[in-house]
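Reader: I would like to learn how to read surfaces and charges in a model. Where do we begin?

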Amino acid sequence: MAIDWVATLAEQGDIAKSKATEVATLVVKPELPLEIASRLYRDIEKGAQTFDRILSDMEDADVSDELLEAADTLAELWSQLSIASANKLRELQGLPPIMMSEARHLGSRV
C-alpha cells in the first residue's frame with residue numbers, strides 16, 4: 001500500500017501547530033510547575049522523534065523535492081519547539097538557556 005505523503009504531512013503539520021500553540025502558551029508562564037514543563041519537553045521530543053522517522057521514510061521513498069522541502073520546514077518547527085521547551089525546563093532549573101546557534105552546532109536535538 002502506497003503512503004499518501006501529502007496527507008501525512010498535513011496531519012503532521014496539524015500536530016506540530018497544536019504543539020506550537022501549547023508551547024507558546026506554557027513557556028511564558030513564570031510559575032509553570034517543573035512537572036508540567038518536563039512533560040511538555042518529553043511530549044515535544046516524542047513528536048520530534050516520530051517526525052524524524054517519517055522524514056527518514058520519505059527520503060527512503062524518494063519523494064519529490066517539494067514534499068521534502070515541506071517536511072524540512074516541519075522538522076525545523078519541531079526543532080524550535082524542542083529548544084523552546086528545553087529552555088523553559090532549564091529556566092525552571094536555574095540553568096542558562098540553549099541558544100539556537102549552539103543547538104545547530106551540536107547537530108542534534110537538545
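Author: We begin with accessible surface. Accessible areas come from the Shrake-Rupley method with a 1.4 Å probe. This is a predicted model. The accessible surface of its chain comes to about 6900 Å². Carbon and sulfur atoms hold 54% of that surface.

Reader: What share of the residues is buried?

Author: Take the cut-off: buried means under 20% relative accessible area. The chain has 110 residues, and buried ones make up 35% of them.

Reader: How many helices and strands does the chain have?

Author: Four helices and zero strands. From the N terminus on, the order reads α-α-α-α.

Reader: What share of the contacts joins residues 24 or more positions apart?

Author: Contact means heavy atoms within 4.5 Å. Take the contacts with a separation of 6 or more; residues 24 or more positions apart account for 72% of them. R42 and S82 are 40 residues apart along the chain, and their C-alpha atoms are separated by 9.0 Å. R42 is found in helix α2. R42 counts as exposed, at 51% relative accessibility.

Reader: Now salt bridges. How many are there?

Author: The rule is a distance test. A side-chain nitrogen of Lys or Arg must lie within 4 Å of a carboxyl oxygen of Asp or Glu. By this rule the count is four salt bridges.

Reader: Which residues are linked in a network of salt bridges?

Author: K19, E22 and D43. Take the two pairs in turn. The side chains of K19 and E22 meet at 3.2 Å, N to O. Both residues lie in helix α1, which covers residues 5–27. K19 and E22 are three residues apart, about one turn of the helix.

Reader: And which residue is the other partner of K19?

Author: D43, with an N to O distance of 3.9 Å. D43 lies in helix α2 and K19 in helix α1, so this pair ties together parts that are 24 residues apart in sequence.

Reader: Is K19 buried or exposed?

Author: K19 counts as buried because its relative accessibility is 19%, and the cut-off for buried is under 20%. E22 is partly exposed, with 29%. D43 is partly exposed too, at 32% relative accessibility.

Reader: Which residues does K19 touch?

Author: Leave out residues up to four places away in sequence. K19 then touches D43, I44, W78 and L81. D43 is also a salt-bridge partner of K19.

Reader: Show me another salt bridge. Which residue pairs with K88?

Author: K88 pairs with E91. The closest N and O atoms are 3.2 Å apart. The two residues sit three apart in helix α3, so about one helical turn separates K88 and E91.

Reader: Is K88 buried or exposed?

Author: K88 counts as buried, at 3% relative accessibility. E91 counts as partly exposed, at 46%.

Reader: Which helices each supply at least two residues of the negative patch?

Author: α2 (34–60) and α3 (65–92). The largest share, four residues, comes from α3.

Reader: Where does D60 lie, and is D60 buried or exposed?

Author: D60 lies in helix α2. D60 is exposed, with a relative accessible area of 64%.

Reader: And where does D62 lie?

Author: D62 lies in the loop between α2 and α3. D62 counts as exposed because its relative accessibility is 67%, and the cut-off for exposed is over 50%.

Reader: What should I look for in its backbone?

Author: Most residues other than glycine have a negative phi. Phi of D62 is near 55°, a positive value in a residue other than glycine. D62 is also part of the negative patch.

Conventions: Residues numbered from 1 in each chain as written. Predicted model: local features only at pLDDT ≥ 70, side-chain atom pairs only at ≥ 80, totals over all residues. Heavy atoms only, no water. Patch = residues over 30% accessible without salt bridge, like charges linked within 9 Å, V, L, I, M, F, W, Y side chains within 5 Å. Lys, Arg positive; Asp, Glu negative; His and termini not counted. Charge placed at Lys NZ, Arg CZ, Asp CG, Glu CD. Buried < 20%, exposed > 50% of the residue type's maximum accessible area, 1.4 Å probe, protein only.
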